[in-house]
There are 2 protein chains.
Amino acid sequence: MRIGELAAQAGVSRDTVRFYERIGLLEGRRQANGYRDFPPETVTWLHYVRTAQTLGFTLAEIAQHGAQLRDAPDGAEALSALLRDKIRIIDERMAELASLRADLDARVGTGCPLRG
Amino acid sequence: MRIGELAAQAGVSRDTVRFYERIGLLEGRRQANGYRDFPPETVTWLHYVRTAQTLGFTLAEIAQHGAQLRDAPDGAEALSALLRDKIRIIDERMAELASLRADLDARVGTGCPLRG
DNA sequence: GTAGACAGTGGAGTACTGTCCAAGGTCAAG
DNA sequence: CTTGACCTTGGACAGTACTCCACTGTCTAC
């Protein structure tokens, strides 16, 4: 898959793909003519990148996830472990939001919410 | 309250306070000697700023919240409205996280989660 | 009246995450 | 064999949110 198709399928720009390759978030194989060539699962990897970004990881951290995956003896289990870790973070984030929500809820309608 | 005390109570650096004043996130009253002088509720405002940042607002947007508050005929009601809006956003964010969690949950333990 | 903590300014620098551009190479179709 | 879509590179630029620095002024306590 060339860069244009990957970009379209993953919903990012070509420049973003090149940028991601530069910072090590994407592996760079090449065709004989110099064009980048990506395997289909790169699309899924980019979706994972967006997910992790949503959870507040920096691209550098996400690149490390990728490196861990490549080094793991069992790739599938390693990724499952990463995902379980993301789920834990989601649960934490939801708990934070719930407490923030309760806090805001308590302030709404009080005489002066800013001072509460 | 001078800048040092505000910074300590709000958990930000003095430079951050000065930066926030520069971009209009904070009002700048001055003592006779030129020192900044903040009312106590600025601490609460800074906490609000952190909350809004957590929810993904940029500082420019948050500064607009502040401007809206100042312009509102009923300050307390205006802030309550802002808070209700934040609660709505929190609810949306939690729904997103829940669906993300379900998605990840489904992938964990499958043969190859990345390709799913 | 001096030391030390605190305050002021302007401006430079940083990290992160892209985004754009110019100049040029590749390839399929007509 | 030219056109147009697609690809390459390097490097400049942008927006966000700080962070640091040098130099200077103010105030309190000894």
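Of the atoms of DNA strand C within 4 Å of the protein, what percentage belong to sugar or phosphate and what to bases?

Modeller: Happy to! Before the answer, a word on how to read the model. It is a predicted one, where local features need pLDDT of at least 70 and side-chain atom pairs count only at pLDDT 80 or more, while totals for chains, interfaces and linings use all residues. Residues are numbered from 1 along each chain as its sequence is written, chains are lettered from A and ligands numbered from 1 in the order in which they are written, and side-chain values use heavy atoms, with hydrogens and water left out.

Now to your question. Sugar or phosphate atoms make up 71% of the atoms of DNA strand C within 4 Å of the protein, and the rest belong to bases. A residue is called near a strand if one of its heavy atoms lies within 4 Å of it.

Let's visit some of these residues through their polar contacts (pairs of N or O atoms within 3.5 Å; within protein, one must be able to donate a hydrogen and the other to accept it, and residues adjacent in sequence count only if both atoms are side-chain atoms). The side chain of R36(B) has an N or O atom 2.5 Å from a phosphate oxygen of DNA strand C. D15(A) reaches a base instead: an N or O atom of its side chain is 3.5 Å from a base nitrogen of DNA strand C.

Which helices bring these surfaces together? Helices here are DSSP runs (H or I, at least four residues), numbered from the N terminus. Near DNA strand C, at least two residues each come from α2 (14-22) of chain A and from α1 (3-10) and α2 (14-22) of chain B. The largest share, 4 residues, is that of α2(A). Sorted by class, this surface holds 6 nonpolar, 7 polar and 6 charged residues. Nonpolar covers Ala, Val, Leu, Ile, Met, Phe, Trp, Tyr, Cys and Pro, charged covers Asp, Glu, Lys and Arg, and the others, Gly among them, are polar.

DNA strand D is surrounded by 18 residues, the closest being G4(A), R14(A), R36(A), D15(B) and Y20(B). Of its atoms that come within 4 Å of the protein, 75% are sugar and phosphate. Phosphate oxygens of DNA strand D lie 2.6 Å from an N or O atom in the side chain of R36(A), 2.8 Å from a polar side-chain atom of Y20(B) and 3.2 Å from one of R18(A). Here α1 (3-10) and α2 of chain A and α2 of chain B each supply at least two residues, and α2(B) gives the most, with 4 residues. The classes divide into 6 nonpolar, 6 polar and 6 charged.

Y20(A) is buried, with a relative accessible area of 4%; buried means under 20%, exposed over 50% and partly exposed in between (1.4 Å probe, protein chains only). F19(A), at 36%, is partly exposed.
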